[in-house]
Amino acid sequence: SACTPKEYVKQNSAFIMFKTPTFKYADMGFIYENEEEIKVEIYGSGQALMSLEISETSVCMSLLECMGKSTFNKEVLSSMYPDDTLENIFRGKPLFNGLGVERKGDGFTQKIIKKDKYNIEFNVLKNQIIFRDTINSILIKVKKQY
């Protein structure tokens with residue numbers, strides 16, 4: 001059954017920006033979701049530039065081998081992040097078990113700071129998700145198109 005195409009229950013086109021010290025992508029793409037995983041694809045000139053598959057235990061990025069979530073955080077984001085950080089960003093769910101969540105209209109904001117480790121501002125409002133960590137130079141932005 002490993003070759004069976006995965007069924008995704010939610011599919012959105014979106015403008016996706018994924019900037020870290022090692023990767024910089026910003027273009028239109030798609031986000032596919034089901035209970036177990038999430039798949040993010042960014043396109044440029046009709047070609048898939050980057051594909052990111054986030055399952056319960058691992059992250060597979062088109063330019064890297066699949067790795068455990070904590071390894072991915074260490075290599076690409078920050079080793080200080082909980083394993084579910086990337087998945088929660090793309091799902092628009094609170095980070096760090098909901099630490100410092102402030103409800104706003106149909107979304108929420110979070111400010112999570114740990115001196116010299118991370119300074120995170122996370123906004124999930126309407127169709128837009130913005131994750132910014134100024135200490136680790138990470139910006140992930142998703143603007144869903146409906």
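The largest nonpolar core has 35 residues, and those with the most contacts inside it are Phe-18, Leu-52, Phe-72, Leu-86 and Phe-90. A nonpolar core here is a set of buried Ala, Val, Leu, Ile, Met, Phe, Trp, Tyr and Cys residues joined through side-chain atoms within 4.5 Å. Strand β9, residues 118-125, gives the most to this core, with 4 residues. Helices (H or I, at least four residues) and strands (E, at least two) are DSSP runs, numbered from the N terminus.

The model is predicted: local features need pLDDT of at least 70, side-chain atom pairs count only at pLDDT 80 or more, and totals for chains, interfaces and linings use all residues. Residues are numbered from 1 along each chain as its sequence is written, and side-chain values use heavy atoms, with hydrogens and water left out.

Helix α2 spans residues 85-91 and includes Thr-85. Thr-85 is buried, at a relative accessible area of 1%; buried means under 20%, exposed over 50%, and partly exposed in between (1.4 Å probe, protein chains only). A polar atom of the Thr-85 side chain lies 2.7 Å from the backbone oxygen of Pro-82.

In the loop between α2 and β7 is Asn-97. Its phi is positive, about 55 degrees, although Asn-97 is not a glycine. Asn-97 is exposed, with a relative accessible area of 82%.

Next come strands β7 (residues 101-104) and β8 (residues 107-114), which pair in the antiparallel sense over 4 bridges. Two strands count as paired if DSSP finds at least two bridges between them. Val-101 has Gln-110 in β8 as its bridge partner. The two strands β7 and β8 form a hairpin with 2 residues between them, and Gly-105 in the turn has a positive phi of about 50 degrees.

A positive phi in a residue other than glycine is also found at Lys-126, where the value is near 45 degrees. Lys-126 is placed in the loop between β9 and β10 (128-133). With a relative accessible area of 67%, Lys-126 is exposed.

The link of Cys-60 and Cys-66 is right-handed, with 115 degrees about the S-S bond. Cys-66 is partly exposed, at a relative accessible area of 48%.

Methods
A polar contact is a pair of N or O atoms within 3.5 Å; within protein, one must be able to donate a hydrogen and the other to accept it, and residues adjacent in sequence count only if both atoms are side-chain atoms. A disulfide is a pair of cysteine sulfur atoms within 2.5 Å.
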